[in-house]
Amino acid sequence: MSARKARPVSDLQLGADSSGRFLPWALAVMVFLAALALAGALALDGSIDGWRRGVAAKLTVQIADRPDQPMAPRIGRAIAVLHDIPGVKSAVPMPRPAIEALLEPWLGADALQAGGLPLPGLIDVTLDEDSALSVAALAARLQAAVPGAQVDDPKPWLDRLVQLGRLLQSLGGGIVLLVGLAAAAMVIFATRAGLAARRDTIELLHLMGAEDGYIARQFQRHVAGQALRGGVAGIFAALLILAGIQLLASRVGTGLLPGLSLAWWHWLALLVLPLAAAGLAIVTARRTVLGELRRML
Amino acid sequence: MVRFQNVGMRYGPGPEVLRDVSFELAPGSFHFLAGPSGAGKTSLLKLLYLAHRPSRGLISMFGQDVSTASRSALPMLRRRIGVVFQDFRLLDHLTALDNVALPLRIAGADEKRTRDHVIELLTWVGLGDRLDARPATLSGGEKQRVAIARAVIARPSLLLADEPTGNVDPEMAGRLMYLFVELNKLGTAIVLATHDTHLLQDFRFPVMRLRGGQLAIDRNGTGGAAA
């Protein structure tokens, strides 16, 4: 008597021919590309939020240096005017060392230490978050009270930056979608090839009373395994690359690069990609098999 | 149980290979199917095991009109039919045990009971020591016995066998016929296509005789003109 206990390999002997052997490799590449695109989109999400938090409801007032007028009283006048305007939460003069620190990357430390450079006065203005304040009206009042005062409103360029960020995010999402469609197309191709190679066996199973779902489940199990194997390899490679980029970015410094910062749930979303690939492969294989089998008796 | 009324069948746009075929199979009946090569035996069997639909006429099986039955209704009907194919159609990558177990697994039977049942049947047909053998290592007669075991394992209501004793020695042929007769006594209707005139003479079951696509039934079961 036989000592074997295990359920046999699939009735359809999937994986025995070359029709689907490329699938794990192709899905590994797809998950790798999708992970990079998704990581980019998610990192941008964090950056956009950071930009918004940093400069929303903020204005900078710049008072040009005039040799005939001392800076301190002009700053004091400007702050007094600002405090009188409804919607202004605070107006704080920026200390000279902070202004020098801002200029140092462009002018160099030596030029600043030598002194004699006419530096503008800067005032950090914070607005109430729900303020409907007109920046143009505020600028006009300041100009009238303190000649040479200019208001730097970051909102217009921030809006353009956010728009660009959102566009890049959409591009990332589009790439993930395209990669998903390409992966589904490959699963369809491999499944059809597998069905064509097993037409006789499938007919035999049908004649023994197999329902289409019985045959589809064997394909589903097979492609799920392939997708998981490929997906894990792809996400592993992508995580290595992302970790490398993050390390390099941290060495370059945060001032010049929009930092690639991923929150914990971003990493979690990336780790879900192999499962998503397996889910996509299962659904695609099932629909393909059931669609093809409907044409058989 | 099975009723054919004026059934015609053609492959694609070709000529009719079966014409005006009418007959009934009662539960527990036993019929031989005889006729020269090309007479339409295989086509008639294909209609019976639901691999083809008729071009015309009415086929009723187990109380259902299969000419118009939906695809989703066919699996349950097919599970009541066992088929022994002339070319066996065993799955080469599966062992004898797994080939025979297929109909039960497809029907979702319990795995432990399936194994026990399959081992018992394969032992009965003399293949108890060949459970793990794959078809490539089996002789023609052994393959035939595996094919027969697979066809009868689920105790079908209708068994269709195409030359089931063609590749075995007379002793094993007798043993297999005994299996068919025992199964028939338990209520399975059997249609057995054969060229073997001795078989027809020995068992004297009614003979469905096909010639040129037309069917005549010899209810007295005489053997002489089988082929």
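This is a predicted model: local features need pLDDT of at least 70, side-chain atom pairs count only at pLDDT 80 or more; totals for chains, interfaces and linings use all residues.
**Entry 1: helix H3 of chain B**

I began with H3(B), residues 96–106. I counted buried residues and got 10 of its 11, so I noted the helix as mostly covered. My list of the buried ones reads Ala96(B), Leu97(B), Asp98(B), Asn99(B), Val100(B), Ala101(B), Leu102(B), Pro103(B), Leu104(B) and Ile106(B).

**Entry 2: where the chains meet**

I find 19 residues of chain A and 21 residues of chain B in it. On the chain B side, helix H2 (74–78), H3 and helix H4 (111–124) each supply at least two residues. H3(B) gives the largest share of that side, with 5 residues. I sorted the chain B side by type and got 13 nonpolar, 7 charged and 1 polar.

**Entry 3: the nonpolar cores**

I looked up the largest nonpolar core and found 121 residues in it. The residues with the most contacts inside this core are Val31(A), Ala35(A), Val100(B), Leu122(B) and Leu160(B). Helix H1 of chain A, residues 23–55, provides its largest share, 18 residues. Apart from this core I noted another one, of 14 residues, which includes Val61(A), Ala78(A), Val146(A) and Ala149(A).

I then took a look at Leu122(B). What does it touch, leaving aside neighbours within four places in sequence? I wrote down Ala96(B), Leu97(B), Val100(B), Leu127(B), Gly128(B), Leu131(B) and Ala149(B).

**Entry 4: helix H1 of chain B**

Is this helix enclosed or open? I found 7 of the 8 residues of H1(B), residues 41–48, buried, so I put it down as largely enclosed by the rest of the structure. The buried ones are Lys41(B), Ser43(B), Leu44(B), Leu45(B), Lys46(B), Leu47(B) and Leu48(B). I was curious to see two lysines, Lys41(B) and Lys46(B), on that list. After the helix comes Leu50(B), with a positive phi near 60°.

**Entry 5: a helix pair in chain A**

Here I checked helix H6 (residues 155–197) against helix H10 (residues 273–293), both of chain A. They pack at an angle of about 45°, and their axes are 9 Å apart. That angle makes H6(A) oblique to H10(A). I recorded their crossing as right-handed. From H6(A), the residues I saw taking part include Gly180(A), Ala183(A), Ala184(A) and Val187(A). From H10(A), they include Ala277(A), Leu280(A), Ala281(A) and Thr284(A). By type, the residues of this contact divide into 10 nonpolar, 4 polar and 2 charged.

**Entry 6: two loop residues of chain B**

Is Gly63(B) buried or exposed? I count 8 other C-beta atoms within 10 Å and a residue is exposed at 12 or fewer, so Gly63(B) is exposed. I located Gly63(B) in the loop between strand S4 (56–61) and strand S5 (64–65). Met1(B) is 62 residues away from Gly63(B) in sequence, yet their C-alpha atoms are 6.7 Å apart.

My last stop was Glu163(B), in the loop between strand S7 (158–162) and helix H6 (170–185) of chain B. Glu163(B) is partly exposed, with 17 other C-beta atoms within 10 Å. Not counting residues up to four places away in sequence, I found it touching Gln86(B), Ala193(B), Thr194(B) and His195(B).

Note on methods:
Residues are numbered from 1 along each chain as its sequence is written. Chains are lettered from A and ligands numbered from 1 in the order in which they are written. Two residues are in contact if their C-beta atoms, placed from the backbone, lie within 7 Å. Helices (H or I, at least four residues) and strands (E, at least two) are DSSP runs, numbered from the N terminus. Ala, Val, Leu, Ile, Met, Phe, Trp, Tyr, Cys and Pro count as nonpolar, Asp, Glu, Lys and Arg as charged, and the others, Gly among them, as polar. A residue is buried if 20 or more other C-beta atoms lie within 10 Å of its own, exposed if 12 or fewer, and partly exposed in between; C-beta atoms are placed from the backbone. A nonpolar core is a set of buried Ala, Val, Leu, Ile, Met, Phe, Trp, Tyr and Cys residues joined through C-beta atoms within 7 Å. Axes are lines fitted to C-alpha atoms, for helices over the stretch in contact, and angles run from 0 to 180 degrees between N-to-C directions. Angles under 35 degrees count as roughly parallel, over 145 as roughly antiparallel, 65 to 115 as roughly perpendicular and the rest as oblique. A crossing is left-handed if the near helix is turned anticlockwise from the far one by less than a right angle, and right-handed if clockwise.
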